[in-house]
Amino acid sequence: MRQLSFASVILTVVLTALISASGALLFLAYQGSQKALQAEIKLIHERDAHLLQRMADEYQSGIGRLTAEIATRNDIRSSLLAGDMLTIDMVLTENLHSASGQQMDAMVIASDDDQKVVVNNSSLLGLDLPLQDYTSPGFSGRNWDTLALRHKGTTYHFIRFQAPVISPRLGEVIGSIYTFVLLNDNFWLLSESLSISGASAAALMTSEQLLGIVESDELSREALLSPLREQPIETLPRGTKQAHHLRLGNKQFDLRLYKADHSLETLSRTYNHNLWAGAVMVIAIAMLVMLLLRSMTNRSLVRLTRYAELAPKEASTPAFPTDRFTEFNQLGKQIEAMLKDIRAQENQLDAIFHHTPSAMFLKSLDLRYLTVNHQFEEIFGQQGISAIGQDDYHVFPTDEANLVRESDRKILSTQQTQQNEYKLTTRQGQRHFLSTKFPLIDDQGMIYGIGGITTDITDKVAAEQEAQITQMVFEAAAEAILIINPQGPVITNSSFSRITGLEESKAEGFVIAMFRDHPEIEMALHESGRWQGESIRRRADGEPLPVWISISSVDSSDQHTRYVAVFSDISELKAAERKLEKLAHYDTLTNLPNRTLFYDRIESSLARSIRNGKKTALLFLNLDRFKHVNDNYGHQAGDQMLIESAQRISQHIRPGDTVSRLGGDEFTVILSDLDSTDGVQDIARRIQQSLKLPYRLHGRDLFTSASIGIAVFPDDGKSTQTLLKHANTAMFHVKEQGRNDIMFFDKELNAQAEARIQLESSLRKAINSDALFPVFQPRFHISGQQVLSAEALIRWQHPSRGMIPPSEFIPLAESSGLIVELGRMMLEKACAAAQRWNQLSKKPVSVSVNLSARQLHDPGLLDDIRIALEQSGLDPALLELEITETMVIQDMDMVINRLDSIRQLGVNLSVDDFGTGYSSLIYLKRLPVSTVKIDKSFIDDVPGTDDGENLIKAVISMSHSLNLKVVAEGVEHTDQLTFLRQHQCDEVQGFLLAKPDSAERLEALLSEMP
């Protein structure tokens, strides 16, 4: 029968009774308070259900009206009749990116001949959803329906509205327009639900999938995602969870709301407080009982522990002193007997261990030496230092210690004996050793250490290595080696047969033929003992074999001279030379002449024109929006477009003309031996028309066009460089005028280009002078009384033109690449100015600097930031870098990685001009930014317009839900400031409070602040 402790039983009974009584009383009081809250919660639920459904109906109605309005636009109807899908694409893109189109995620127009245009908003970027497969040209009536699209393992839920496109002349349906609204992560729908219901968190779901969620903390998220009970209202400790059925399209969705309510939390806190009080009383009683038991047994335990600690240290095992408890006496005697047995076994092992001629050792589980014999210390020990207690890194060099420890770990993992050969450092230098190691196992089968015996086998290893090394080197050589002995056979390695295909018995004939074909070999060997050169030999199949041969004479101890010939196959090298010759003159992608061959061809054409008195026309061609194809469909699609474009251009030139690819998407066409320029424009027009035809790439039709500049010899230039420059100038003027056109060079174009070059030259000089300087516009707390930050803005005081506006020279800096150097200068000056005013200011005031797209992609950006901070001494937390939405969308993954690296420096980040780009919640959630700046164009619309006010409120609410600060730019009127205060905007900036000015004026302003 199992024996129990009386004290333990009494303690358990008392604790159980006290806890049960306290819990029963608290539970009754807690239940009564809960029922009073349920009735009120139910009434609120019914009211919310009505308001939420009305909000959803108005949401769909507004989108439906906008879709119908787009379907009646004349440019849509006329373009659909004409089959101009590119114009439709542009119109739909413009509407989707407008303020009214932000609630729509995609639009599709299907013509009656089943041509389709699909335009996605930023929320669908990168998803590549086949929405065109869910449309048809037939019209089934204006209606909403619901669509669930499974793509790449994720289900996307849309509501879809269809409207007809009717011909303005015939009154018949010529197509349909579809609007898709993505319910996944639909921030507008969720935020409106929060606003209407007063909830703190909301989630939109189907029966199988979570579509979107806005939560205030982790607790509310867990509450929303937990399974629903049978009732639509669930009371939680810190609030209530409500379930509503929301009809969207032709399907009902589940909308869950979480409302914070601390009534139940208060009840629970009171209940827990009383429960803890009871628990403290029970624990106090238990502690008294435990102290009583401890005092009765403590003295005997101390005596037993002291004996166990001191007895092993004595020279002989002492007797255990008698205790008043029988059990402790028995345990002490058993410890005494065990110590005596251990001492006897140790004496036996010690005699074996220290008299073996090999090095022996024992290691612990942490691979430290527990003991080593005298021979180990003699071989591996260091003068005056014992190996005991050390690990292998204190005995051997690091690389040797790693090898030793690797075999030790194998023993610990496999618990099997291991035998290894090592090259270890000893007092006499490095020696070879055979080490046998074995696990030490206790009575329970557990390993507790490693034992080993190490024997010196250096002499044996040296003999084996010396016998093998010559043969290994000889056979391992990649080159063919022949040892030519005038008094014996020719000896070869395996590479001879591999390279020539000849058997070793044919080597003598190979050597005779080589000496016969190259009589200079014997002369060189006689004079200098060495010859090397190139030779053409024959393989076994008769094919030519180009080789590089090196022959040297070797004198041996038997007074006979032998020769060692080494040769290698250079067939691939010869083929590579021929391939490089082609690569040097032709483009590897399109097989067109490259820049080098272009210069050769045009120089020849100009020379013929001079001799024959004729003209030469140079067409400089650039594909329009080619970067858009690369960025959206990948470089493989871009390369295929370049290949097909090269083929199309080549189809429209004469046999004696040349098409070249200079690089990227730039092509040139040389039209030689012209009597006049009458046919040049016709050729250029045919080329341009062929390039406008659709490109069928990766299962879809892609479109491009061409901008073509033309320069004629000798009218527009008498040298290749001048002609190329003028054709390029004409092409760039086409680009500036809207692309997709042809233009001949004239002097006015050249004057404009020269003016641009001159302004660029002045800008380069200004970067290294004081002509470019920063001014600072303060950012105020929403109260308007305290400066929190200042934005650095660049100005240019030109020596002759005066003040040049940034709108004129910033685009020039972007296109010329000077923006990186310009941004570096602004960063350094802004940090230096901020350090000065923070030394004078009572409170820290940060500085914000704008980053350009080129700066963000510049590999030296992080170094520029570090240098600016180090030179100025500015705290990184007082520097904020501003980026725009467009910069992020272009290469999101790369940009996010770069922004994360900037944040690791301690620098803050903000999104500038928010609302003018894609305004996507998806990417904003991923960006490591702390601030959102609303563009001035939106501030101008408030107060006074419902759309403007709702947009500002939505941006503030969205940003705050993501823990982002909101700054309003361009505040110029008092009523704007009042509106922003009412809706909890954090900071403001604009002429109402302060204009951009010098750092000195800002320092004076800061000194006046309280």
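Strands β22 and β23 (residues 666–674) are joined by 5 bridges and run antiparallel. Helices (H or I, at least four residues) and strands (E, at least two) are DSSP runs, numbered from the N terminus. Two strands pair if DSSP finds at least two bridges between them. V659 has V669 of β23 as its bridge partner.

This is a predicted model: local features need pLDDT of at least 70, side-chain atom pairs count only at pLDDT 80 or more, and totals for chains, interfaces and linings use all residues. Residues are numbered from 1 along each chain as its sequence is written, and side-chain values use heavy atoms, leaving out hydrogens and water.

**The sheet.** The open sheet has 5 strands, in the order β22-β23-β21-β26-β27, with mixed pairing. Which strands stand at the edges? They are β22 (658–663) and β27 (742–744). Each has a single partner strand, so one side of each is left without a neighbour in the sheet.

Two helices pack on this sheet. Helix α17 (residues 635–650) touches β21 (615–623), β22 and β23. Helix α18 (residues 680–692) touches β21, β23, β26 (706–713) and β27.

**The cores.** A nonpolar core is a set of buried Ala, Val, Leu, Ile, Met, Phe, Trp, Tyr and Cys residues joined through side-chain atoms within 4.5 Å. Buried means under 20% relative accessible area, exposed over 50%, partly exposed in between (1.4 Å probe, protein chains only). The largest core holds 125 residues. W837 is one of those that touch the most other members. Helix α22 (residues 819–840) gives the most to this core, with 11 residues. Another core, of 30 residues, lies apart from it and includes V629 and M641.

**The rings.** A search of the whole structure finds 15 aromatic pairs. Rings of Phe, Tyr and Trp (its six-membered ring) pair if their centres lie within 6.5 Å; planes under 30 degrees apart count as stacked, over 60 as edge-to-face and the rest as tilted. Two pairs are set out here.

| Pair | Centre to centre | Angle between planes | Kind |
|---|---|---|---|
| Y59 and W188 | 4.4 Å | 15° | stacked |
| Y369 and F376 | 5.3 Å | 50° | tilted |

Y59 lies in helix α1 (residues 6–71) and W188 in helix α4 (residues 187–197), 129 residues apart. Y59 is buried, at 4% relative accessible area. W188 is partly exposed, at 26%. Y369 is buried, at 3%, and F376 is buried, at 2%. Ring pairs also link Y369 and F376 into a cluster that includes F361 and F433.

Technical notes:
Contact = heavy atoms within 4.5 Å. Axes fitted to C-alpha atoms, helices over the stretch in contact; angles between N-to-C directions.
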